[in-house]
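Have a look at the model on the screen, and I'll take you through it.

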Amino acid sequence: MGRDSWGQWSAAEAADWIRRPAADDDKYRRGVVGLFTGSAEYPGAAVLGVEAAHRTGVGMVRYAGPKAVRAAVLAHRPETVVQPGRVQAWVLGSGLDAGHRSFLTSGELQHALASGLPVVLDAGALDLVGTHTGPTVITPHAGELARLLSSREIDATVDDVRADPGAWAARAARELRVVTLLKGATTYVCDPEGTRFALHASTHWLAAAGTGDVLAGILGALAATHHEILSTDATALTRIAATAVFVHGEAARLASDHVAGGPITALDLAGAIPRVVGSLLG
Ligand SMILES: NC(=O)C1=CN([C@@H]2O[C@H](COP(=O)(O)OP(=O)(O)OC[C@H]3O[C@@H](n4cnc5c(N)ncnc54)[C@H](O)[C@@H]3O)[C@@H](O)[C@H]2O)[C@@H](O)CC1
Ligand SMILES: Nc1ncnc2c1ncn2[C@@H]1O[C@H](COP(=O)(O)OP(=O)(O)O)[C@@H](O)[C@H]1O
């Protein structure tokens, strides 16, 4: 399957999925994103996803992850709410290790998956695909997709996925019945109905630890701001996912331009998100 059969996703299309706050909005109407991410081993993944969600523009970011990580999240973003409460979309798994999930963590993840709310499954929650009840998007890289498919008795090596990423992303969407966002220099976004977009990265400086955690935060925030549409039209999630990749790529370009085309960190990337959102709205 060639790249040509994949649609592009333009700035104008992305702009349609950025919600501008209105006079009658409050923080709940604007959307609450919940994150169960991070672990004692990878606290940074939680900080990065929370930071990206705030920067994307959402009414509230609720962090529900392990207690051991909450102080780090609050130290970086005191705006974050750590009390349980209303959530309109979930981000699960960044910085979690599927092989070492505590009883408590498993219970919290199952609770979120059973909620019927839109869910972003990343990294250490990818193995839970299929136990969801709401609109779901998975965000693997090539290694994670190969592992996930193999665990479902679909033989795929990392090299197979790297050789034909679009075909494997499409197959994952079909067989797992979820929106699939396969990360890489080109990111493939597709769904079981056959809608598909390929987005080429604006800069290869993006290939750095933590940038995927930032993408999950952007995507969760956009899903939360569109929770009402998603409750009646789950197919919107494919376009929301493409928009998240677009925003992520543009933020990387801006952040790198800011340092004369030099390297960027995941936090630099998150810091550039508001300018992308602003220019899309403008
Ligand atoms: N600051 C932090 O706390 C960070 C935490 N992270 C977390 O670290 C955990 C492990 O993440 P890893 O991505 O290392 O996953 P894994 O350790 O599960 O997988 C990495 C393996 O997949 C292979 N692979 C194949 N294609 C790849 C690709 N395109 N990108 C990366 N690896 C590829 C690698 O060779 C490697 O063997 C995740 O939970 C992740 O969310 C990372 O996001 C990095 C930053
Ligand atoms: N060669 C590359 N050029 C541009 N972008 C890349 C390249 N490789 C990976 N990326 C992007 O970088 C991000 C890496 O995410 P991920 O693999 O989850 O890393 P992490 O888990 O460290 O956050 C993804 O958005 C992916 O699309």
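By class, the shell around ligand 1 holds 9 polar, 7 nonpolar and 2 charged residues. Nonpolar means Ala, Val, Leu, Ile, Met, Phe, Trp, Tyr, Cys or Pro; charged means Asp, Glu, Lys or Arg; the others, Gly among them, are polar.

A word on the basis. This is a predicted model: local features need pLDDT of at least 70, side-chain atom pairs count only at pLDDT 80 or more, and totals for chains, interfaces and linings use all residues. Residues are numbered from 1 along each chain as its sequence is written, and chains are lettered from A and ligands numbered from 1 in the order in which they are written.

Back to ligand 1. It has 18 residues around it, and Tyr42, Gly44, Ala123, His141 and Gly143 come nearest. Near means a C-beta atom, placed from the backbone, within 6 Å. Helices H3, H6 (142–151) and H9 (211–225) each give two or more residues to that shell. H6 gives the most, with 3. Helices here are DSSP runs of H or I, at least four residues; strands are runs of E, at least two; both are numbered from the N terminus.

Now H3, residues 43–56. With strands E1 and E2, H3 makes a right-handed β-α-β unit. Right-handed: with the strands pointing away from the viewer, the path from the first strand over the helix to the second runs clockwise.

What does E1 pair with? E2 (residues 60–63), in the parallel sense, over 4 bridges. E1 also runs parallel to E3 (residues 89–92), again joined by 4 bridges. Pairing takes at least two DSSP bridges. Gly34 has Arg62 of E2 as bridge partner; Phe36 has Leu92 of E3.
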